[in-house]
Amino acid sequence: MSKVRAVNGFMIRRFVRDNKKGIIIVYKIDNTFFTQSKYYDVDEEKLDKIKEKLKDYTSTNKEAEELCRTIPLMTIINAVEEIIFDY
């Protein structure tokens, strides 16, 4: 593993709160919690697209040996929100 610190892992958890279903995306750096995002009303189709995009982006970051070759967290979150909110 290189010394580059970028989001290179994730975990998605489902939850129900006040009869609303949602997901929490936990972003990780080297298998350690970094930050998280919470979204409501995410259907299975969107969830599959999110997982695919996150796998692609985090694998790119895992392989990066220079910071300039990584995908920033804001770009990752923006891509997730484009899927969820249909931008």
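## A pair along helix α1

Lys-49 and Glu-45 sit four residues apart in helix α1, which is about one turn of the helix. The model you are looking at is predicted, so please read every value below as computed from that prediction. The two side chains form a salt bridge, and the closest N and O atoms are 3.7 Å apart.

How open to the surroundings are these two partners? Lys-49 is partly exposed, because its relative accessible area of 45% falls between the limits of 20% and 50%. Glu-45 has 53% relative accessibility and counts as exposed.

## Other salt bridges

How many salt bridges does the structure hold? There are four, and the Lys-49 and Glu-45 pair is one of them. In general, side chains of opposite charge can pair when their charged atoms come close.

Another salt bridge joins the side chains of Asp-86 and Lys-46, at 3.2 Å from N to O. Asp-86 lies in the segment after α2 while Lys-46 lies in helix α1, so this pair ties together parts that are 40 residues apart in sequence. Is Lys-46 buried or exposed? Lys-46 counts as buried, with 17% relative accessibility, whereas Asp-86 reaches 58% and counts as exposed.

Arg-69 and Glu-66 also form a salt bridge, with their closest N and O atoms 2.9 Å apart. Arg-69 is exposed, having a relative accessible area of 58%.

## A negative patch

Which residues form the negative surface patch? They are Asp-43, Asp-48, Glu-52 and Asp-56.

Asp-56 belongs to helix α1, which covers residues 44-63. With a relative accessibility of 44%, Asp-56 counts as partly exposed.

## Two paired strands

Next come the strands. Strand β2 covers residues 20-29 and strand β3 covers residues 32-40, and the two pair in the antiparallel sense over eight bridges. Within this pairing, Ile-23 stands opposite Tyr-39 in β3. As a general point, the side chains of a regular strand alternate between the two faces of the sheet.

Where the strands join in a hairpin, two residues lie between them. Asp-30 in this hairpin takes a positive phi near 50°.

## Distances in sequence and in space

Gly-22 is placed in strand β2, and its 8% relative accessibility means that Gly-22 counts as buried. What separates Gly-22 from Asp-43 in sequence and in space? They are 21 residues apart in sequence, and their C-alpha atoms are 8.9 Å apart.

Pro-72 gives a second example. This residue is in the loop between α1 and α2, the latter covering residues 73-85. Pro-72 is partly exposed, with a relative accessible area of 46%. From Pro-72 to Lys-21 the separation is 51 residues in sequence and 28 Å in space, taken from C-alpha to C-alpha.

Notes
Residues numbered from 1 in each chain as written. Predicted model: local features only at pLDDT ≥ 70, side-chain atom pairs only at ≥ 80, totals over all residues. Heavy atoms only, no water. Patch = residues over 30% accessible without salt bridge, like charges linked within 9 Å, V, L, I, M, F, W, Y side chains within 5 Å. Areas by Shrake-Rupley, 256 points an atom, 1.4 Å probe, with all protein chains shown as cover. Lys, Arg positive; Asp, Glu negative; His and termini not counted. Charge placed at Lys NZ, Arg CZ, Asp CG, Glu CD. Buried < 20%, exposed > 50% of the residue type's maximum accessible area, 1.4 Å probe, protein only. Pairing = 2+ DSSP bridges.
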